[in-house]
Amino acid sequence: GRGGGGGSFGYARGGGGGGGGGHDYERDPNDFGNVDEKAVNELLSTRLQYRKRKMFDEADDVRDQLLNDHGVTVWDRDLQWTTQSGGAARVGGRGGRG
């Protein structure tokens, strides 16, 4: 795996104002799964910062952390996220670099 990146911002330290927690993603309105939304929003904000800097491997690591730690799938094309237990079924692959 990758080593921890010293001076870079940490996963749990997303910044940002606004209702979306510093990112453009919204929870799927049909998703009612139990999840720590604050933690998810912080990770989404961190992931967006990596993507803006074209640090796609790091962004993918955050996406994987969202899935593994919180059961959250990110849908980049729709700018939405959903939990595995949320009941929102979608056809197609997981969100990617799109």
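The model is predicted.

**Exercise 1.** State the strand order of the sheet and work out which strands stand at its edges.

Solution. The sheet is open, has three strands and mixed pairing, and its order is β1-β3-β2. In that order β1 (26-27) and β2 (72-75) each have a single partner strand, so they stand at the edges and one side of each lacks a neighbour in the sheet.

**Exercise 2.** Describe how β2 pairs with β3, and say what packs across the sheet strands.

Solution. Strand β3 covers residues 80-83, and its pairing with β2 is antiparallel, over four bridges. Within this pairing, Trp 75 is opposite Gln 80 of β3. Helix α1, residues 37-52, lies across β1, β2 and β3, and runs at about 140 degrees to β3.

**Exercise 3.** Locate Lys 54 and Leu 79, then classify each as buried, partly exposed or exposed.

Solution. Begin with the backbone. Most residues other than glycine have a negative phi. Lys 54, not a glycine, has a positive phi of about 60 degrees. Leu 79 also has a positive value, with phi near 55 degrees.

Next, the location. Lys 54 belongs to the loop between α1 and α2 (56-70), whereas Leu 79 belongs to the loop between β2 and β3.

Last, the accessibility. The cut-off for exposed is over 50% relative accessible area, and buried means under 20%. Lys 54 has 65% relative accessibility and therefore counts as exposed. Leu 79, with a relative accessible area of 37%, is partly exposed.

Note on methods: Residues are numbered from 1 along each chain as its sequence is written. This is a predicted model: local features need pLDDT of at least 70, side-chain atom pairs count only at pLDDT 80 or more; totals for chains, interfaces and linings use all residues. Side-chain values use heavy atoms; hydrogens and water are left out. Two strands pair if DSSP finds at least two bridges between them. Helices (H or I, at least four residues) and strands (E, at least two) are DSSP runs, numbered from the N terminus. Contact means heavy atoms within 4.5 Å. Axes are lines fitted to C-alpha atoms, for helices over the stretch in contact, and angles run from 0 to 180 degrees between N-to-C directions. Buried means under 20% relative accessible area, exposed over 50%, partly exposed in between (1.4 Å probe, protein chains only).
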